[in-house]
Amino acid sequence: MQGVAVPVSMVAGNSFIHRLNPIAKLVWVLAVLVISFATRNPLFLIALSIVGLGLVTMAGIWRQFSRVMLILLPVATSLIVFQSVAPAFPQPWTPIATIGPFTIYQEGIYSGLSLLARATSMTIFALVMIMTTHPSDLFTSLSRLHVPYVLNFMLAMTLQLIPVLQREIGVVMSAQKSRGMKSTGFGAVIPSFVPVFAGAIERVQQLSISLESRAFGSSGHKTSYRQVAVRPVDWVVGIAGFAFLAVCIAVFLNTGALDMSRTLIFPPALAIVLVAAAAVLFVGFIASAIWVVIRA
Amino acid sequence: MAAVTTAGSAPRRRSQRIPLTYVVTLVPVAAALNIVGGYIVGLLHLPIFLDMIGTAVVAIVLGPWWGALVGVITNTGSAFLSGPIGLPFALCNVVGALVWGYGVRSVGMGRSIPRFFILNLIVAVAVSLTAVPIYVFVFGGATGHFSDLMTAAFLAMGQNLIVSVFSSNILVSLADKIISGFVALAIIEALPENLTADLPLIKAAPMRTVAIAAGGVVIGIAVAIVSVILTSNAS
């Protein structure tokens, strides 16, 4: 899942979602996380994703949101291709179509769609929270829930340092290129990493002294520059999140987690189109990855 | 072979000398560097991850559990950058930190180049064993990475999904962890002496040598995997 990070930051706005308390939003993100792992019903998970897309519309963050969702595309294509021919599902499998030497299984399509819908629903709800919440508001709210201040500080500082270090890497690599040094491939790893890390360590020393001089770690009441209010509507939304989770878990326990793996039948034509489209995109991604490595 | 800098004093005494504020600032810097490692890999067009270098540095210098914290913060911070799909891989980062940290600080695997090389191989295997169940049961075997090509090839050879994902993941992981480990070693050399004076650690090897050794190991393992698969298919 690793790769080039697409920076996701808060998209300014004044929608209902933006104004909600960060903890109320976090409750919904965690609820969707638990629900997504509790069932493999693709229809339920797709419905959950559609609700999430409704929230994206409500928050007015479509442009930035769709850019970040593109990260899922390579994973989605590989996932459909692999699952259709080798399902992560107990045997026996039911063959429904063939493409060349490969047999596509009913359980594979079911499993592929459910795993993809699971990742999509979790990502949509998490991105809605991240893109409508100021990180400082989230950390202030978490500290009110007695999450250790040191932990909040380290997480907030990590997020602040990323753009700074990315800028420094750009500077270091430009300097290396201007000296005629190799700028791609394994030979460029040490000349790129070590100066950036050494610079970061100097920053650590300065920050450490700065924290010492401000009595970091001392006991007593801490104040925050940003104040986060908790309104009645935040309580309602938060409690609704817990209630939704409880209802879903109760339904899953009574219905075998809405399992439809033996009853939801996919037409062979749909399976072939789905797998063929995923395979074409998969081969395209792999070819472009190989091309980039060869050029380096 | 270069000499070990210093050996001896207990890890507890060393970490007690490092002020809390220094630790509190070094951990997020290392986590940020892990995240930015993915960005550098993209710029350098490398088919590996390099997202555990900060974890290795902190696990070796401050201790395994501080390294584990770096791992957790790395993946939590990544969730703010690219969504929550990378969160389960915090476990891989934690496992890597514990093996690197205890390996160097308790078992003395950093005292010579061959020992450190073997430690990185152990890290690669441990991380792969942790990552493969996550890839298979959470992401259906997909990684969205170059290694998916190898997974597809192993599937086409008739292997099941778990074996295919492990075979492709271990090849990438071996190259990644060997290079990450030796880059971490080079970075530790550049750290202030008060942090590293008592570490039982060898000096860094030239990167070209490390890349050649890593390439040799990866090719050797790849040949071994393919020959095992072909033999099992034939029988």
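What share of the contacts in chain A with a separation of 6 or more comes from residues 24 or more positions apart? In this predicted model, such residues account for 78% of those contacts.

The secondary structure of chain A consists of eleven helices and two strands, and reading along the sequence gives the pattern α-α-α-α-α-β-β-α-α-α-α-α-α.

Where chain A meets chain B, the contact takes 69 residues from chain A and 65 residues from chain B. On the side of chain A that touches chain B, at least two residues each are supplied by α5 (72–85), α6 (106–132), α8 (149–178), α9 (189–213) and α11 (268–295) of chain A, and α9(A) gives the most, with 15 residues. By class, this side of chain A divides into 52 nonpolar, 14 polar and three charged residues.

Within chain B, the axes of helix α2 (residues 20–44) and helix α3 (residues 53–61) come within 7 Å and cross at roughly 150°. Because angles over 145 degrees count as roughly antiparallel, α2(B) is described as roughly antiparallel to α3(B). From α2(B), the contact is made by Leu26(B), Val27(B), Ala30(B), Ala31(B), Leu33(B), Asn34(B) and Gly37(B), and from α3(B) by Ile53(B), Gly54(B), Thr55(B), Val57(B) and Val58(B). The contact of α2(B) with α3(B) has eight nonpolar and four polar residues, with no charged residues.

How values were computed. Residues are numbered from 1 along each chain as its sequence is written. Chains are lettered from A and ligands numbered from 1 in the order in which they are written. This is a predicted model: local features need pLDDT of at least 70, side-chain atom pairs count only at pLDDT 80 or more; totals for chains, interfaces and linings use all residues. Axes are lines fitted to C-alpha atoms, for helices over the stretch in contact, and angles run from 0 to 180 degrees between N-to-C directions. Helices (H or I, at least four residues) and strands (E, at least two) are DSSP runs, numbered from the N terminus. Angles under 35 degrees count as roughly parallel, over 145 as roughly antiparallel, 65 to 115 as roughly perpendicular and the rest as oblique. Two residues are in contact if their C-beta atoms, placed from the backbone, lie within 7 Å. Ala, Val, Leu, Ile, Met, Phe, Trp, Tyr, Cys and Pro count as nonpolar, Asp, Glu, Lys and Arg as charged, and the others, Gly among them, as polar.
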